[in-house]
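Here is a short tour of a structure for you to explore alongside your own viewer.

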2 protein chains.
Amino acid sequence: MSTPHPFDAATALAATGEPGVFQGHTSPGYANFIGPYGGITAAQAIQAVLQHPQRIGEPVAFTVNFAAALADGPFTAHARPARTNRSTQHWIVELRQGDDSVVTATALTAVRRETWGGHEAVAPGVPRPAGVPRTPRKGVEWLHRYDMRFITGMVPRTWDVPGQAESITRLWVRDEPPRPLDFPALTALADNFFPRIWLRRPKQTPIGTVSMTVYFHADSAQLAATGTGYLLLQAQGQGFRNGYFDHAGHLWNEAGELLATTHQVVYFKE
Amino acid sequence: MSTPHPFDAATALAATGEPGVFQGHTSPGYANFIGPYGGITAAQAIQAVLQHPQRIGEPVAFTVNFAAALADGPFTAHARPARTNRSTQHWIVELRQGDDSVVTATALTAVRRETWGGHEAVAPGVPRPAGVPRTPRKGVEWLHRYDMRFITGMVPRTWDVPGQAESITRLWVRDEPPRPLDFPALTALADNFFPRIWLRRPKQTPIGTVSMTVYFHADSAQLAATGTGYLLLQAQGQGFRNGYFDHAGHLWNEAGELLATTHQVVYFKE
């Protein structure tokens with residue numbers, strides 16, 4: 001028997017007797033400072049939609065709210081189709097530990113048809129992944145689950161120094177070990193960015209993503225074609241004020257196709 | 001007795017006997033092609049959170065999903081605090097007509113404290129509102145509820161012609177008649193943009209926003225200080241493919257302060 005990929009092991013959900021309720025478990029392989037890497041939690045939440053027997057279509061929009069740090073251990077994922085139309089479906093998802101809600105989420109899945117298209121958010125010109133050395137990352141376990149190759153906007157090497165005017169980061173990333181891309185993995189990758197505030201104000205204060213939205217432009221065929229290739233990720237901060245900042249992000253594949261856009265708002269202390 | 005502002009009349013919710021359940025009504029003054037203007041529906045959804053007696057703090061993040069066109073008439077708004085922490089609270093909201101969910105939403109409210117700040121998304125240099133003539137808009141009723149002054153990226157005057165490479169729009173907007181800015185009005189304004197696809201492909205096909213997220217950088221004091229001034233709105237499309245496109249938007253006040261960022265994904269036919 002082959003060992004499952006760490007990502008598959010971490011995002012496995014078991015059906016319970018109750019419709020739309022699944023059992024999951026946090027994974028030490030994706031541990032963050034406090035609780036799990038938000039990306040893996042997001043992947044678990046969308047997994048509950050993907051595994052639901054009544055689902056129609058593929059994810060188009062997904063918003064996940066991190067209501068509390070998950071405690072190490074089991075959780076239940078509750079996915080409910082609030083509205084099912086002919087080709088679209090609106091989902092409400094909650095992850096719970098005991099009686100407490102730790103994550104809320106909404107998702108839109110849709111049966112998509114071929115139409116006119118043409119992405120406006122074009123990938124910036126950057127060196128190919130093979131030409132960018134892998135960036136050593138350490139400190140928390142989940143960083144070892146990704147092969148990250150920073151092009152610009154690396155995590156500060158020194159702290160408590162003046163910040164930069166802009167918080168733009170570009171990097172190539174893929175799962176480590178490589179794993180064919182799918183919706184849960186793409187969702188997890190959308191949360192791959194370190195907090196933008198570290199570039200603007202290099203100070204190690206507590207931070208935590210409170211809400212993240214992902215819009216999926218790719219369908220499963222495009223994800224399959226992307227395979228185990230690297231994704232080019234870009235993010236830039238927008239507003240920083242009174243304990244919260246947000247960033248806007250993009251995820252392209254090596255062919256330059258825009259697979260998803262993402263936004264998140266992050267709490268920071270002081 | 002003075003007549004209430006159309007926006008206040010449209011977003012009024014009446015408490016029912018049931019905790020967290022409110023009664024609302026669609027408003028002919030904000031009618032769109034099919035059902036109401038999405039911005040007014042979004043405002044009604046966040047209003048349910050704002051009016052909830054257990055709410056703590058002010059809105060930080062809000063995602064609204066338009067699951068179906070509202071039928072003209074009454075609806076119920078259901079707001080539930082899924083998680084209440086010391087200074088943050090996570091909400092799940094649904095608008096229902098009969099037994100059908102027509103809107104789902106999540107919100108984060110938080111008690112914010114003064115911190116370091118500094119917005120990175122800076123307002124572009126544009127003429128003052130007084131120097132930009134009011135843009136005549138017609139076709140649907142809700143357009144008359146806003147004083148819009150387009151600076152660039154106006155709605156196409158001719159259709160079925162080649163599109164532009166970029167779908168950027170900038171305009172000054174305020175409620176008509178003027179009304180002091182608050183969270184529901186700012187939420188409604190976030191949906192003020194006509195569909196970006198009309199600039200990229202000037203063709204009148206059915207479209208509809210399916211999900212919108214707003215991140216609030218302003219607090220109520222800043223909104224009060226903004227008063228009845230104009231807001232500078234900017235939006236640009238990102239990805240357009242197989243029936244859906246998304247845009248990223250910003251809302252600044254006349255002083256150049258970033259009040260909110262917003263994103264939405266929109267269905268288009270063909």
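How many positive and negative side chains does chain A have, and how far apart do the centres of the two sets lie?

## Charges and ground rules

Chain A has 23 positive and 22 negative side chains, with 4 Å between the centres of the two sets. Here Lys and Arg count as positive and Asp and Glu as negative, while His and the chain ends are not counted; each charge is placed at NZ of Lys, CZ of Arg, CG of Asp or CD of Glu.

Please keep in mind that this is a predicted model, where local features need pLDDT of at least 70, side-chain atom pairs count only at pLDDT 80 or more, and totals for chains, interfaces and linings use all residues. Residues are numbered from 1 along each chain as its sequence is written, chains are lettered from A and ligands numbered from 1 in the order written, and side-chain values use heavy atoms, leaving out hydrogens and water.

## Fold and overall shape

Chain A contains 12 strands and 5 helices (DSSP runs: E of at least two residues for strands, H or I of at least four for helices, numbered from the N terminus). Its radius of gyration is 18 Å, close to the 18 Å from the globule rule for 270 residues, so chain A is as compact as a globular protein of that length. That radius is taken over C-alpha atoms, and the rule is 2.2 Å times the number of residues to the power 0.38.

## Two copies

Chain B superposes on chain A by a rotation of 180 degrees with 0.0 Å of shift along the axis, at RMSD 0.0 Å (least squares on C-alpha atoms of residues with pLDDT of at least 70 in both). The two copies are thus related as by a two-fold rotation axis. The same surface serves both: 100% of the contact residues of chain B recur in chain A, contact meaning heavy atoms within 4.5 Å.
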